[in-house]
Amino acid sequence: MPDAPTPTHDQLYAMYRSMVTMRRFDAVVTELAEADRIPGYAHTYTGSEAIAAGVCAALRPSDWIASTYRNHGHAIGKGVALRAMAAELHGRRTGTAKGKGGSMHISDFGVGMLGAFGIVAAGMPIALGAALSMKMQGRDEVAVAFFGDGAVHQGVFHEAMGLAKLWNAPVLFVCENNQYAEATALDYHLHTETVANMAAGYALPGVRADGMDVVAVYQATLEAVARARAGGGATLLEFVSYRFSGQYEGDKQTYQPADERAAWWAREPLTAFEQAAAERGLDAARLERIRADADAEVAAAFAAAEQDPWPEPDELYDDVYVSYEGGLR
Amino acid sequence: MSERLLTIRDAINEALVQAMEADPTVFLMGEDVAGGAGRDDRGGLDAWGGPFGVTRGLATRFGRERVLDTTIAEAGFFGAAVGAAMTGMRPVVELMYVDFAGVAYDQMLNQAAKVRYMFGGTQKVPMVMRTVVGGGFRAAAEHSQTLYSIFAHIPGLKTVAPTTAADAKGLLLTAIADDDPVVFFEHKRMYMQKSHVPEAPEPIPFGVAAVRREGTDLTIVGVQRGVQFALEAAEALAGEDISVEVIDPRTYTPLDKGTILASVAKTGRLMIVDESYPRASLATDLAAIVADEGFESLKGPIRRVTAPHTPVPFSPPLEDAYLPLPGRIVAEVKRLLGA
Ligand SMILES: Cc1ncc(C[n+]2csc(CCOP(=O)(O)OP(=O)(O)O)c2C)c(N)n1
Ligand SMILES: [Mg+2]
């Protein structure tokens with residue numbers, strides 16, 4: 001990266017805090033799912049924390065993100081309250097969607113989280129629209145769509161990139177290339193050498209970086225954000241990681257060879273960060289405290305959420321429309 | 001007769017095996033219908049068999065040449081199914097959840113359904129779209145829908161929604177052999193239910209409803225899981241001397257109107273149970289047909305017991321209030337009968 005700014009120590013500590021919070025949050029999700037203590041489907045993010053943390057660190061609170069069913073990391077990175085997320089996973093009235101959405105559909109407009117969509121690639125044109133909207137309103141916020149490697153085969157991936165070029169929209173398409181789309185391996189489904197290469201078809205910049213390295217993610221994103229804010233349009237970013245989590249909680253992952261997993265795990269982002277910490281002049285004791293604080297914060301959020309009230313059955317009729325005459329029953 | 005108990009999931013698998021053995025033009029397409037693509041040499045083959053394991057083992061048995069794991073490109077592979085069907089193959093294509101219909105729908109609605117008609121009967125599209133419907137999994141608004149009606153609405157498509165393992169097998173065999181495009185709905189909460197299934201391939205004709213329980217006071221037509229809800233309610237109501245007849249149309253296009261109208265002629269009352277949205281739905285359609293063609297038989301209003309006009313909520317207390325569970329059916333029957 002040409003003269004990409006080096007993050008300050010405070011920024012590095014903040015990114016680390018963000019990553020360990022994501023890791024801990026989803027570890028609890030896995031425990032709860034295994035014990036059948038949260039309802040529904042949950043998709044965890046273990047191993048890709050550097051992507052959400054690095055991207056979100058390069059954004060302003062007023063910038064937008066759109067996410068997927070695998071959204072916990074993105075939501076945490078953008079600053080959604082853990083308590084409200086945990087409550088949503090538990091289906092409680094205090095959740096981000098009052099219990100209507102669950103794990104797959106976290107949202108929080110207040111921190112620029114447009115929402116998480118369960119249809120593969122659905123967030124891409126939505127982020128594009130947010131970017132167009134910012135441009136039309138004369139604002140300099142940017143929008144980010146997170147999606148996976150499997151999503152590049154959806155029609156809207158291509159449509160959104162073509163339109164982003166057409167409108168010179170301030171949008172970042174962030175592909176989390178975690179080597180698998182469900183039980184299908186990347187080397188089977190991806191025909192180009194990289195996802196970033198696909199940007200060429202739309203005359204957009206395509207940038208690929210190590211998704212296990214939060215600083216590399218941060219720097220690549222910062223450059224794309226700066227370009228977008230300055231009127232330079234969209235970028236396709238590809239961050240390479242590995243999906244250590246199952247496709248969903250309960251997936252046996254028999255299609256991931258053990259040696260392959262082990263080789264990737266040797267590079268997992270938290271360990272990578274910790275190993276580079278001394279070289280970056282970071283204090284090991286402070287990292288330790290950050291881990292303890294994050295664990296405590298996550299534990300407190302889930303403990304509190306579990307005590308929160310359930311929605312009343314009649315609340316199911318709320319929020320279908322902004323206003324509606326005539327009843328919904 | 002010796003019982004041969006199979007789950008609906010396994011009955012569907014067996015129908016696919018028998019159809020593929022009998023006809024080399026039958027092949028499968030979908031996302032992870034085998035699973036493990038790219039890792040076959042490391043034990044990946046057949047890792048999934050779709051998210052519910054329905055098609056597990058088929059790739060091992062028939063090879064990846066006939067069990068195609070696609071990319072996440074529904075518009076593409078549904079269109080490819082249409083083209084393959086027009087040119088001599090019989091594709092069975094999986095839409096993993098019916099909620100993803102939005103991205104596959106154009107090929108079904110505008111191409112698969114219309115090729116025969118708009119090309120003047122010169123061509124046919126013998127394809128099957130298998131898809132998974134249903135709430136009760138706490139899977140929220142985008143993974144829980146029962147979008148029967150958006151397919152039943154379209155002339156040119158046939159629609160099938162089995163409720164027993166034997167029906168799942170027999171109706172799927174018919175669907176695959178049928179020369180028209182068929183949409184075959186599988187309810188995710190019913191996959192593990194077991195019942196007797198004949199081992200031999202015995203196709204079940206479309207357009208023949210099943211009377212699941214005989215009764216005299218009221219007819220309930222159930223739509224897929226609605227049949228089971230209705231049967232549970234009927235059992236409870238029998239204890240209170242209310243005799244309910246339960247009808248399972250099994251296929252919606254074509255629809256066996258005769259069996260429904262004959263039942264209403266006998267009982268004089270009709271309720272329809274469907275977990276779908278009520279507006280412009282199968283429940284509404286069935287009610288309209290009986291109001292139109294069986295009005296003279298009716299002693300009172302037709303009652304639809306359905307989901308409300310809202311998306312499917314996530315939280316358990318909300319989803320339980322959402323679904324037309326047997327308790328609600330019992331209460332509605334009593335209200336209808338003034339009992
Ligand atoms: C249109 C559509 N088709 C299929 C699915 C089912 N599905 C959910 S996640 C997924 C795989 C996505 O893989 P990828 O984009 O690599 O994201 P990852 O889960 O690895 O983060 C599929 C096929 C869906 N949600 N939407
Ligand atoms: Mg992936």
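**Note on chain B: a parallel strand pair, its sheet and the overall fold**

1. Strand S10 (residues 218-222) and strand S11 (residues 244-248) of chain B run parallel and are joined by 4 bridges. Within this pairing, Ile220(B) has Val246(B) of S11(B) as its bridge partner. The model discussed here is a predicted one.

2. In general, the strands of a sheet pair through backbone hydrogen bonds, in either a parallel or an antiparallel manner. The strands S10 and S11 belong to an open sheet of 5 strands in chain B, ordered S9-S11-S10-S13-S14, and the pairing in this sheet is mixed. Its edges are formed by strand S9 (210-213) and strand S14 (303-306) of chain B, each of which pairs on one side only. From one strand to the next, the twist averages 25 degrees.

3. As to the secondary structure as a whole, chain B contains 12 helices and 14 strands.

4. The overall dimensions deserve a separate point. Chain B has a radius of gyration of 20 Å, which agrees with the value near 20 Å for a compact globule, because that is what 339 residues would give. The C-alpha trace of chain B spans about 65 × 45 × 45 Å along its principal axes.

5. Of the 339 residues in chain B, 61% are buried. Among contacts in chain B with a separation of 6 or more, 80% are accounted for by residues 24 or more positions apart.

6. Regarding the surface, chain B exposes about 12,000 Å², of which carbon and sulfur atoms supply 54%.

Technical notes
Residues are numbered from 1 along each chain as its sequence is written. Chains are lettered from A and ligands numbered from 1 in the order in which they are written. This is a predicted model: local features need pLDDT of at least 70, side-chain atom pairs count only at pLDDT 80 or more; totals for chains, interfaces and linings use all residues. Side-chain values use heavy atoms; hydrogens and water are left out. Two strands pair if DSSP finds at least two bridges between them. Helices (H or I, at least four residues) and strands (E, at least two) are DSSP runs, numbered from the N terminus. Axes are lines fitted to C-alpha atoms, for helices over the stretch in contact, and angles run from 0 to 180 degrees between N-to-C directions. The radius of gyration is taken over C-alpha atoms; the globule rule is 2.2 Å times the number of residues to the power 0.38. Buried means under 20% relative accessible area, exposed over 50%, partly exposed in between (1.4 Å probe, protein chains only). Contact means heavy atoms within 4.5 Å. Accessible areas come from the Shrake-Rupley method with a 1.4 Å probe; for residues, only the protein chains shown count as cover.
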